[in-house]
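The entries follow the order in which I looked things up.

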Amino acid sequence: MPTLLIVGTQWGDEGKGKIVDCLTLKADIVARYQGGNNAGHTVVINNDEKYILHLIPSGILHKGKKCIIGNGVVIDPKSLLDEIEGLEKRGVDVSKNLFISKNAHIIMPYHVAIDKASEMKKGDKKIGTTGRGIGPSYSDKIARYGIRAVDLLSEQTIRTSVNHSIDRINFLLEKYYSVSPIDPEKTIADYSSYAERLKPFITDTVKMINNAYDKGLNILLEGAQGTLLDIDHGTYPFVTSSNTISGGACTGLGLPPKKIDNILGVVKAYTTRVGGGPFPTELKDDLGRFIQQKGGEYGATTGRPRRCGWLDAVALKYSCMINGLTGIALTKLDILDELDNVKIAVGYKYNGKTIDDFPHEIEILWGCEPVYETFDGWKVDTSGINNFDDLPTNAKKYIKAIEEILGIQVMMVSTGQKRNQIIQIAEQF
Ligand code: GDP
Ligand code: IMO
Ligand code: MG
């Protein structure tokens, strides 16, 4: 099956980078389809080789694999150049393997300024964005003010595009947000210089990925963020500004739905969330802090502590449905090793009534109390286990319970940060 899509099923940071890195071995192409440098995907090869990818697909660390940044991604050129430079300094050759869609939209300095100013103005109603200009950049794309990668190819087009927006933007920045305006000439000069360096990578990636599919090559699609942060299907307004679900890959790459063969959902063995918004299974106690510490739950992009809680099967069932998952990659099982028992939310209680479906009304979600099923812990160190049969019985029971509740097969189990700490239950390609 040539196209395998990897999607986060929770609120991001499920371990997508690790899973993509593992699966790249058998892939020819790895493509990102949405999000931007709000993403932080960690790949740990061994003790002293750790990488955090923000815009470049996590397949780049495997020699010779082609990596695409699709049209659905929003690109901060400075951040991308820093990432390229960082990788090249560490001996990762990006020059022949990175391809940027001509139609990808560009994050401008005013998008970052508006993102930060808007969060400030919202006060305690803020979303807790990454401050990377993601929302304002997608807003401009939809409002048809955006600047695309193809526009960077001519300095005149950069000038025209900046001039088209700058009065409107600076009015907003100065008069509404009371912050400093953006200097258009500096922006034009900076972006012309970034463009010079990014030009060699900008190409028609739609044709490239469709041709690759038609030739029968193995394609890995790397989602960013997670299903519950989706602009349409997530916990709105506490979401990101793109379609993070599997469907986003079609529009974000120009790949028809019938060319996506399998969809692997990455499920962390517990739940985390960074930023604001409802989180029914959140543990605000010592246990939550224990999981945060042991799981190293600090943002890979912003360094913010991640909120931690039990696995939420109500949210996950919803996630399975809208992504059309064909399999699950379960990560961070090892973080639960020391616990006496582990819990899965199988329903919610709201105003005395039981709810089985993930509510769309944010006010209801804020008030939901989880109904848990409790499992005995396994109290055995599972880190690095490579064989399903070698897992302790209670860990196997936990995995089987997840499969039964969700009705989807667990195909991979990750038992540590490193590349080789993985159990492959079923082949993916
Ligand atoms: P992503 O955004 O979905 O790629 O996830 P992040 O990289 O933001 O966060 C996942 C974190 O968990 C990273 O630090 C990974 O190295 C780490 N990780 C991934 N899988 C495992 C695992 O199975 N066990 C442990 N202990 N850490 C893991
Ligand atoms: P990866 O790909 C976790 C969250 C932010 C905030 C909300 C909106 O590493 O899983 P934005 O800057 O996108 O406008 O912020 O979305 N968020 C993420 N949370 N992992 C991510 O990416 C995230 N990208 C954005 O914390 O709550
Ligand atoms: Mg992350």
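**Basis.** I worked from a predicted model, in which local features need pLDDT of at least 70, side-chain atom pairs count only at pLDDT 80 or more, and totals for chains, interfaces and linings use all residues. Residues are numbered from 1 along each chain as its sequence is written, chains are lettered from A and ligands numbered from 1 in the order in which they are written, and side-chain values use heavy atoms, with hydrogens and water left out.

**Ligand 1, surroundings.** I looked up the shell of ligand 1 and found 19 residues, the closest being Gly 15, Lys 16, Thr 42, Asp 334 and Ser 414; a residue belongs here if one of its heavy atoms lies within 4 Å. By class, this shell holds three nonpolar, nine polar and seven charged residues. In that scheme Asp, Glu, Lys and Arg are charged, Ala, Val, Leu, Ile, Met, Phe, Trp, Tyr, Cys and Pro are nonpolar, and the others, Gly among them, are polar. Helix H1 (16–24) and strand S3 (41–46) each give the shell at least two residues; both kinds of element are DSSP runs, helices (H or I) of at least four residues and strands (E) of at least two.

**Ligand 1, contacts.** I then listed polar contacts (pairs of N or O atoms within 3.5 Å). An N or O atom in the side chain of Ser 414 is 2.5 Å from an oxygen atom of ligand 1. A polar side-chain atom of Asp 334 lies 2.8 Å from a nitrogen atom of the ligand, and a polar backbone atom of Gly 40 is 2.9 Å from an oxygen atom of ligand 1. The protein covers 94% of the 580 Å² of accessible area that ligand 1 has on its own, by the Shrake-Rupley method with a 1.4 Å probe.

**Ligand 2, surroundings.** I counted 20 residues around ligand 2, with Lys 16, His 41, Thr 130, Gln 225 and Thr 240 the closest. They divide into seven nonpolar, 10 polar and three charged. Domain 1 (3–95 + 204–424) and domain 2 (105–201) each contribute at least three residues to this shell; the bounds come from an automatic or database domain assignment.

**Ligand 2, contacts.** Oxygen atoms of ligand 2 lie 2.9 Å from a polar backbone atom of Gly 40, 3.0 Å from one of Val 274 and 3.4 Å from a backbone N or O atom of Gly 128. The protein covers 98% of the 550 Å² of accessible area that ligand 2 has on its own.

Methods
Polar contact = N/O pair within 3.5 Å; in protein donor to acceptor, adjacent residues only side chain to side chain.
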